[in-house]
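Colleague: I would like to learn how to read a ligand site and a helix contact. Please take me through one example.

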Amino acid sequence: MSKPTLVVGGGPAGLAAAHALASVGRDCVLVDKAERLGGAPILSGYAKLVPSGEWASDAIGGMVERVIGNPRVDVRLNTSVTSFDGEPGNFRVGLANGDQLEANAAILCTGFTHFDSVNKPEWGFGLFPDVVTTTQVEQMISSGQGVRCPSDGRKPERVAILLCVGSRDRQIGREWCSKICCTVSANIAMEIREELPDCHVYVYYMDIRTFGLYETKYYWRSQEEFKVKYIKARIAEVTSDGKRIIVKGEDTLVKRPITIPFDMVVHAIGMDPNVDNRTLAGIFGVELETNGFIDRKDTYSAIGQTSRAGVFVAGSATGPETIADSIAQANAAAIASLGLLEQAV
Ligand SMILES: Cc1cc2nc3c(=O)[nH]c(=O)nc-3n(C[C@H](O)[C@H](O)[C@H](O)COP(=O)(O)OP(=O)(O)OC[C@H]3O[C@@H](n4cnc5c(N)ncnc54)[C@H](O)[C@@H]3O)c2cc1C
Ligand code: SF4
């Protein structure tokens, strides 16, 4: 019997890799440290996904179901990999729960960590309860509660969404663009306007990066159909007058100071490298790129190959990625792992 392939992380990427391998008759072991599969969209309770408009619980929940029901996928939850030794085709794997496994290759799909807004204290998170993050707004929508001010449960009449929180910010050591937050924010802005038609929604931005086809579907639609207002600004601070949250900054188009009160302020948080990446790099013997994401050694042929033969990587473990791109990379990494094993035969 051939050895299984180890897939670490059961988010969209890991679920896709496991399903791809099982589809071509390969066994795999899917290890996740969380108590359930689904990754960020499920664990953080995302609402409707960009760009499909499907609820995360349906779209990613469907991916979870087809993996859980697959006899070729051995799912191990609440555990992580503690040791990984050997060579392609013949690795020995130790798990934190004491289990020992054999594997022919590994695909790291360990994802990202949400930026923690307390690292941006001048923008009010952690100081004022009505300063929240995009993940909190996603949870308000997906739970059915609706968008409400956490301080007293009232419906907000004015909401500001601040882009690039924890991204493109050299002062806090995060130079990368998190790629999806402009589009996710435009989507959230439209959802708020749909639920609360009297609520004014402002998006504060440096640049808008609703890349590719998202420009029409999200950026222009949010303005033209949903009357979301965009302000190009440099934000100085977020304070409170005791009743409202005050956003102070400079409108960089007209070069004038602007101070606007809001009921709720939303941080569009970025995607940090997984906090486990240094540990994972040590265990699997793979290199990280300069920002701390897992480095890919090959862009055009063995997609997803890391610095160690037989160890592949896919999805947001490699840097900020969308769900669709994470899934595509996972399928590519699964094929690359099969190719490597064929060569070894
Ligand atoms: C607010 C917000 C909204 C978003 N909305 C969208 C959207 O609408 N559409 C879209 O395309 N993208 C969206 N994204 C991006 C989306 O979250 C990612 O593209 C997606 O989660 C990447 O999937 P992944 O499997 O690579 O990683 P993850 O979803 O992060 O999954 C990683 C998995 O690995 C597990 N893991 C981590 N470390 C270990 C370890 N050491 N050992 C074992 N298991 C481990 C985790 O428990 C998790 O299950 C959004 C991002 C943010 C921040
Ligand atoms: S996608 Fe938009 S909000 Fe996110 S980091 Fe890039 S520019 Fe900023």
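Colleague: Which helices and strands each supply at least two residues of the shell around ligand 1?

Modeller: This is a predicted model, in which local features need pLDDT of at least 70 and side-chain atom pairs count only at pLDDT 80 or more, while totals for chains, interfaces and linings use all residues. Residues are numbered from 1 along each chain as its sequence is written, chains are lettered from A and ligands numbered from 1 in the order in which they are written, and side-chain values use heavy atoms, without hydrogens and water. Helices (H or I, at least four residues) and strands (E, at least two) are DSSP runs, numbered from the N terminus. Here they are helices H1 (12–23), H2 (39–43), H4 (134–142) and H8 (323–344), with strand E8 (112–114). H2 gives the most, four residues.

Colleague: Which polar contacts does ligand 1 make with Ala-13 and Asn-274?

Modeller: A polar contact is a pair of N or O atoms within 3.5 Å; within protein, one must be able to donate a hydrogen and the other to accept it, and residues adjacent in sequence count only if both atoms are side-chain atoms. A ligand 1 oxygen lies 2.9 Å from a polar backbone atom of Ala-13. A nitrogen of ligand 1 is 3.0 Å from a side-chain N or O atom of Asn-274.

Colleague: Which residues of H1 and H3 meet?

Modeller: Contact means heavy atoms within 4.5 Å. Pro-12, Leu-15, Ala-16, Ala-18 and His-19 of H1 meet Ile-60, Met-63, Val-64, Arg-66 and Val-67 of H3.
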